[in-house]
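Please look over the sequence and the structure first.

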Amino acid sequence: MIVDVDDTLCLTQAASFALENEVLAEMGRPPMPRHVHLSTWGEPLLDAMPKRSPGLDLPRFSALHRRALERHVADGRLDLIPLENLRALDEFVRHGRAVFLLTSRTEDEVRHMLEAGHVLAERVSGIYHAGNTRFRKPDPRAFDELLAATGIPPRECVYVGDSPGDALAAGGAGIHFVGCLQSGVRKPADFDSRYVDAFIDAFSDLVGVVRQLDQFTADARPVAGERMAQETT
């Protein structure tokens with residue numbers, strides 16, 4: 001099991017929008033409109049910010065954002081993982097599935113998730129991020145380090161994410177993909193259906209969908225993708 005972080009394992013778009021505007025205000029800059037944030041959601045933060053706030057001093061923003069992120073996490077305003085999502089991870093671990101996170105976040109943005117006392121510590125076998133991977137989604141090579149380190153064949157992996165880029169990356173790597181629509185930011189029509197095995201309305205629905213995916217072989221993946229997408233929408 002390979003899991004995306006933002007708006008998949010935890011809902012973060014709205015919280016990130018508030019955090020980034022807080023930093024912009026600290027810099028004396030006008031707030032970004034929500035539609036601008038949504039249109040660039042899923043891009044690496046420092047790639048997206050020049051579009052969200054043209055002319056932004058990126059090094060200063062990055063330094064202030066790092067401190068703001070620490071405050072928001074400490075205050076419980078960001079990266080809260082719902083209990084039902086933790087239970088879903090526990091179900092996968094209980095049945096012998098290795099769970100990994102793969103995100104476009106930087107190491108600074110996931111550092112708190114790497115700490116020994118974090119709720120993910122005993123549930124997740126590894127976190128792959130911009131600091132330990134060479135490529136970013138939607139490039140299929142975003143999975144290279146994970147697949148090389150684990151030796152797990154792509155056809156035996158499932159990636160769950162919230163964006164069309166997540167689907168393109170998984171599909172290009174030969175990995176099953178499940179689209180999580182819980183945030184409401186995207187709809188099935190936003191995705192290339194060739195790369196989607198199923199859609200779920202909540203992360204906790206993933207347990208049942210993976211059970212169904214187990215019924216299909218990797219060789220029948222295109223057929224499975226069509227059938228599962230129909231059965232779960």
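At what angle do helix α5 and helix α9 pack, and how far apart are their axes? The model is predicted: local features need pLDDT of at least 70, side-chain atom pairs count only at pLDDT 80 or more, and totals for chains, interfaces and linings use all residues. Residues are numbered from 1 along each chain as its sequence is written, and side-chain values use heavy atoms, with hydrogens and water left out.

**Packing of α5 and α9**

- Helix α5 (residues 83-94) packs against helix α9 (residues 206-213) at an angle of about 30°, and their axes are 9 Å apart. Helices and strands are DSSP runs (helices H or I, at least four residues; strands E, at least two), numbered from the N terminus. Axes are lines fitted to C-alpha atoms, for helices over the stretch in contact, with angles from 0 to 180 degrees between N-to-C directions.
- α5 and α9 are therefore roughly parallel to each other (angles under 35 degrees).
- From α5, A88, E91 and F92 meet L206, V207, V210 and R211 of α9; contact means heavy atoms within 4.5 Å.
- The residues of this contact divide into 5 nonpolar, no polar and 2 charged. Ala, Val, Leu, Ile, Met, Phe, Trp, Tyr, Cys and Pro count as nonpolar, Asp, Glu, Lys and Arg as charged, and the others, Gly among them, as polar.

**Helix α5 itself**

- The buried residues in α5 are N85, L86, A88, L89, E91 and F92, where buried means under 20% relative accessible area (1.4 Å probe, protein chains only).
- What covers these buried residues includes α9.
- G96, which follows α5, has a positive phi, near 80°.

**Nonpolar cores**

- The largest nonpolar core has 28 residues, of which L9, L101, L120, V160, V178, F203 and L206 touch the most other members. Such a core is a set of buried Ala, Val, Leu, Ile, Met, Phe, Trp, Tyr and Cys residues joined through side-chain atoms within 4.5 Å.
- At least two residues of this core come from each of α5, β4 (158-161), β5 (176-180), β6 (198-200) and α9. The largest share, 5 residues, is supplied by α9.
- Leaving aside neighbours within four places in sequence, V178 is in contact with V158, Y159, V160, G161, A198, I200, L206, V209 and L213.
- Another core, of 19 residues, lies apart from it; I2, L102, A167 and V196 are among its members.

**G171**

- G171 is found in helix α8 (residues 164-173) and is buried, with a relative accessible area of 18%.

Methods: Angles under 35 degrees count as roughly parallel, over 145 as roughly antiparallel, 65 to 115 as roughly perpendicular and the rest as oblique. Buried means under 20% relative accessible area, exposed over 50%, partly exposed in between (1.4 Å probe, protein chains only).
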